[in-house]
Amino acid sequence: MTHSNTLNFSVLDLASITQGGSASVSFRHTLDLARQAEKWGYRRFWMAEHHGMPGIASSATSVLIGHVAGGTSTIRVGSGGIMLPNHAPLVIAEQFGTLESLYPGRIDLGLGRAPGSDQAVSRVLRREHGGAGEDFPAMLAELRAYFQPDDAPSNGIVRAIPGEGLNVPIWLLGSSGFSAQLAAQLGLPFAFASHFAPDYLMPALELYRENFRPSAVLDKPCAMIGVNVTAADTEQEAKKLATSQQQAFLNMIRGRFAQLPPPVDSMDGLWTPYEEAALTRQFGFAVVGDKEQVRARLKGIIESTGADELIIASQIYDHDARLRSYELVAEVGRELQG
């Protein structure tokens, strides 16, 4: 349960490495953002597993979760997500058992089945664990059995210490219908990656809700959705700040992974008409504007999706501007819940 002053808004941080920056600077900014998010009343602070990307420093996700949890005191900290097929389930059970033992009642384990990078990195990560995520349901069952061996089949020989007997909330993450259906069948909370896969949001939520089976974890569906938000004191400033993420995505579709670039006054001349159309579609669900515009857009998203929680991603080059964006969103959240 949440406290009355806790928002149904959370933070998704990719520990972005900005152009000219470093992972060390990124981690300082991540902890600073987490501390501010805690003060502003955000419910959770999640970090995502990505590999081989010059602009994202959260590859050792469990280590970073420990860093953030150790530097905060009340906000829930977790993964959004750990890509389970990259790891032996026992290792994840031990890591999150350790985190839960260090920071009781504050750790979330969000799980995905994508590689979190390109195929070359996937082959290196998964050479000992198999394919492309087809065995995700079996790996999930194994992981859950390490935490609660009395509730799930287990070989009874291998034990996760620490981990065994601990209640680490598990969320399934997805950008398609696969995890939506699996979360529904198992009665688990579901988080949809609408911040980068907006087109399939509504069908996935429908699949999840229609097929949901109550469980010991949940008696009714619980859906979180990811939203890209760039908020500023003026619409013009917000639109400029958003060009950093637009440039980063442009680099990605051109096959170039790079550090997060500084914003530009205009994207004109930086993209082709085809690329502009692709970005417009990709960020069709994004929220960019001043506080009033952000409030109206987030209110509409909550009403149209029925989401129980929003997790906000903000890839903004300037750290102070990113803090301001999250502060404005927190103000909006309190107004919408008030």
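Predicted model: local features only at pLDDT ≥ 70, side-chain atom pairs only at ≥ 80, totals over all residues.
If residues up to four places away in sequence are left out, Ala15 touches Ser26, Phe27, Thr30, Gly55, Ile56, Ala57, Ser58 and Leu64. By contrast, Ala15 and Leu172 are separated by 157 residues in sequence and by 21 Å in space, counted from C-alpha to C-alpha.

## Leu64 and its surroundings

Leu64, one of the residues that Ala15 touches, is placed in helix α2. Is Leu64 buried or exposed? Its relative accessible area is 5%, so Leu64 is buried.

Apart from its neighbours within four places in sequence, Leu64 is in contact with Ala15, Phe27, Met47 and Ser58. The C-alpha atoms of Leu64 and Tyr274, on the other hand, are separated by 38 Å, and these two residues are 210 residues apart along the chain.

## How helices α1 and α2 meet

Two packed helices are described by the angle between their axes and by the distance between those axes. For helix α1 (residues 23-40) and helix α2 (residues 61-70), the axes come within 9 Å and cross at roughly 50 degrees. Why are α1 and α2 called oblique to each other? Angles under 35 degrees count as roughly parallel, over 145 as roughly antiparallel and 65 to 115 as roughly perpendicular, while the rest are oblique; the crossing angle of roughly 50 degrees belongs to the rest, and α1 and α2 are therefore oblique.

The crossing of α1 and α2 is also right-handed. On the side of α1, the contact is made by Phe27, Thr30, Leu31 and Ala34, and on the side of α2 by Leu64, His67 and Val68. Phe27 and Thr30 of α1 and Leu64 of α2, which take part in this contact, are also among the residues touched by Ala15.

## Aromatic rings

A search of the whole structure finds six aromatic pairs.

Elsewhere, one aromatic cluster is formed by Phe190, Phe192, Tyr208 and Phe212. A charged side chain also meets a ring, for Arg113 lies over the face of Phe178, at 3.8 Å from the ring centre.

## Cis peptide bonds

Where in the chain are cis peptide bonds described here? One runs from Gly80 to Gly81, with omega near 5 degrees, and Gly81 is found in strand β3 (residues 76-83). Another cis peptide bond joins Ile161 and Pro162, with omega at about -5 degrees, and Pro162 has its place in the loop between α5 (136-147) and β5 (170-174).

Key. Residues numbered from 1 in each chain as written. Heavy atoms only, no water. Phe/Tyr/Trp six-rings, centres within 6.5 Å; stacked < 30°, edge-to-face > 60°. Lys NZ or Arg CZ within 6 Å of the ring centre and 35° of its normal. Axes fitted to C-alpha atoms, helices over the stretch in contact; angles between N-to-C directions. Helix = DSSP H or I, 4+ residues; strand = E, 2+ residues; numbered from the N terminus. Left-handed = near helix turned anticlockwise from the far one by under 90°. Contact = heavy atoms within 4.5 Å. Buried < 20%, exposed > 50% of the residue type's maximum accessible area, 1.4 Å probe, protein only.
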